[in-house]
Amino acid sequence: MADSTKLDELIGAHGAVPWHHPYPRVQTDVGGWQGVIQQLEAGNWTLLGLWGETDAVNVAVLTEGETNLAVLTLTCPQMRFPSIARRHSPASRLERAVHDLFGLEPDNAPDHRPWLDHGRWGEQYPLAEYSVSAAATPYEFLRAEGESLHQIAVGPVHAGIIEPGHFRFHANGETIVRLEARLGYTHKGVEGLMQGAELDRAAKLAGRVSGDSTVAYSIAFARAVESAVGSDVPKRAHWLRALLAELERLANHFGDIGAVCNDASFALMHAHCAVLRERVLRASDACFGHRLMRDCVVPGGITIDLNPNCIAVLRTLLSEIRLRFPALIELYDNTASLQDRTVSTGILKPELARQFGAGGYVGRASGRTFDARRSLPYPPYDQLDFKVPVLSEGDVNARVWIRIREVEQSISLIEQILARLPGGRILTAPPAQSGEGLAVVEGFRGDILVSVRLNDEGRVARCHLRDPSWFQWPLLEAVIEGNIVADFPICNKSFNCSYSGHDL
């Protein structure tokens with residue numbers, strides 16, 4: 001196992017759990033777990049997720065060119081497990097979150113500080129079998145040593161209407177030497193609320209993990225449930241889900257492109273992009289009854305159909321975008337003062353993006369080609385024609401251009417969907433039965449992972465939801481080093497990580 005890079009060898013050594021779908025889950029031992037750590041450290045595999053149970057820990061990995069996926073489970077009778085982060089740093093915050101929620105201890109971990117737990121819950125390990133009372137203790141930020149260094153503390157409450165997060169800068173004059181973020185302020189206890197929930201309630205919770213990605217989360221949860229119980233979904237529902245997902249992608253990319261330009265003091269682009277974003281949101285509301293299309297996707301299909309009048313609304317929307325957006329691209333590309341702020345700022349090196357499995361525009365702007373729609377295809381994307389734009393520069397400008405190219409691809413995808421939308425039903429209720437399922441869906445930020453286990457009554461026994469921001473926030477800390485303090489807002493917005501999605 002330790003020298004193998006083949007997923008089938010791992011499964012052959014330990015056997016896959018037969019009720020987990022559609023990807024294999026292997027109940028492994030410490031030796032197998034150590035083997036996974038070796039593969040991650042060597043860069044042969046990519047960490048996709050890490051989450052806990054009351055007496056076990058799970059790791060999801062991408063293998064063989066990031067086109068195969070497996071989950072490994074290690075039982076922890078002593079409430080301990082070998083730390084992955086000790087030899088593969090992307091696992092660090094995930095391990096800290098597992099410890100905060102379940103009390104499972106990663107042996108020899110490089111960082112034992114709490115992550116989600118700010119000492120305000122009144123107890124420790126709330127999802128463990130036995131929680132313990134606890135009081136708040138001061139959080140120790142990492143220190144930077146050197147002459148003439150000073151600290152700048154920003155947040156968690158910010159000047160704008162944004163979510164809370166604390167950023168601790170060490171700077172030498174205006175040059176940032178170290179940035180350390182502390183998150184967890186928007187922790188909602190979603191995984192605890194999921195336990196015992198009926199599917200309709202759980203679907204609503206999944207759609208509220210990160211409000212700007214409500215469609216992507218809802219699709220991921222629905223697909224995990226459908227895989228767990230072997231439920232068939234009407235073909236029309238699959239295509240409508242993709243339509244909603246691409247509308248969501250359009251709205252968010254328009255918002256981000258404008259916001260990056262606004263942080264570079266170019267308000268004109270911000271205003272024009274805000275108009276396009278508003279057009280998408282209004283069309284979404286007209287066609288699906290909600291500006292963010294919340295609660296439209298459920299296990300078994302979709303709750304609202306698309307009528308012929310709405311098809312005309314969406315085609316008008318696409319025509320307006322095709323008319324207005326090219327001029328905005330030209331404006332962005334030909335404004336020297338804007339390029340001066342975005343080009344060569346906040347560079348994420350390709351090897352770091354690959355190590356952390358950075359998804360979405362963050363990874364694709366730094367050479368990582370992974371897109372769940374293509375690498376782990378699901379309907380109807382396996383029947384649609386689209387390109388995955390990739391650049392290698394890794395700066396703010398590259399992250400903007402990936403968004404621009406993805407807007408163009410989303411327009412094409414929506415046109416294909418409207419032209420080929422099949423008829424028929426839009427919902428088939430899944431059976432109330434036990435099972436385990438896992439889904440990976442491409443949201444506008446990157447890949448979203450949902451793992452679900454259902455009990456005999458079809459209720460949620462355990463559900464884990466992993467936002468792409470878990471692997472993007474640490475990279476923001478890396479790319480800002482060596483830049484000036486004034487460039488943090490533009491770097492931060494070019495990443496646009498989710499606070500709420502990360503904090504669960």
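This is a predicted model: local features need pLDDT of at least 70, side-chain atom pairs count only at pLDDT 80 or more; totals for chains, interfaces and linings use all residues.
# Exercises on salt bridges and a helix

Arginine 453 has a relative accessibility of 29%, so it counts as partly exposed.

**Exercise 1.** Find which residue meets the side chain of arginine 453 in a salt bridge, and state where the two partners lie in the chain.

Solution. 
- Step 1: The partner is glutamate 53, with 3.4 Å from N to O.
- Step 2: Arginine 453 belongs to strand β16 (residues 447-454), while glutamate 53 sits in the loop between β3 (46-52) and β4 (56-63). The two are 400 residues apart, and the pair links distant parts of the chain.
- Step 3: Buried means under 20% relative accessible area. Glutamate 53 is at 12% and therefore counts as buried, whereas arginine 453, at 29%, is partly exposed.

**Exercise 2.** Describe the salt bridge between arginine 459 and glutamate 198: how far apart are the atoms, and where are the residues?

Solution. 
- Step 1: The N to O distance between these side chains is 2.9 Å.
- Step 2: This pair also links distant parts of the chain, being 261 residues apart. Arginine 459 is in the loop between β16 and β17 (460-466), and glutamate 198 is in the loop between α4 (190-194) and α5 (199-206).
- Step 3: Arginine 459 is partly exposed at 29%, and glutamate 198 is partly exposed at 41%.

**Exercise 3.** Explain why arginine 324 and glutamate 320 are separated by about one helical turn.

Solution. 
- Step 1: The two residues form a salt bridge whose closest N and O atoms are 3.0 Å apart.
- Step 2: Both are in helix α9, four residues apart, which means a separation of about one helical turn.
- Step 3: An α-helix has 3.6 residues a turn, so residues three or four places apart point the same way.
- Step 4: Arginine 324 is partly exposed, with 36% relative accessible area, but glutamate 320 is buried, with 18%.

**Exercise 4.** State how many salt bridges the whole structure has, and name the residues linked in a network of them.

Solution. 
- Step 1: A search of the whole structure gives 32 salt bridges.
- Step 2: The network links Glu246, Arg249, Arg364, Asp371, Arg373, Glu406 and Glu442.

**Exercise 5.** Decide whether serine 284 is buried or exposed, and list what surrounds it.

Solution. 
- Step 1: Serine 284 lies in α8, which spans residues 267-288.
- Step 2: Its relative accessibility is 1%, so serine 284 counts as buried.
- Step 3: The side chain of serine 284 reaches the backbone oxygen of valine 280 at 2.8 Å.
- Step 4: Leaving out residues up to four places away in sequence, serine 284 touches Leu247, Gly289, His290, Arg291 and Met293.

Definitions and conventions: Residues are numbered from 1 along each chain as its sequence is written. Side-chain values use heavy atoms; hydrogens and water are left out. Buried means under 20% relative accessible area, exposed over 50%, partly exposed in between (1.4 Å probe, protein chains only). A polar contact is a pair of N or O atoms within 3.5 Å; within protein, one must be able to donate a hydrogen and the other to accept it, and residues adjacent in sequence count only if both atoms are side-chain atoms. Contact means heavy atoms within 4.5 Å. A salt bridge is a side-chain nitrogen of Lys or Arg within 4 Å of a carboxyl oxygen of Asp or Glu.
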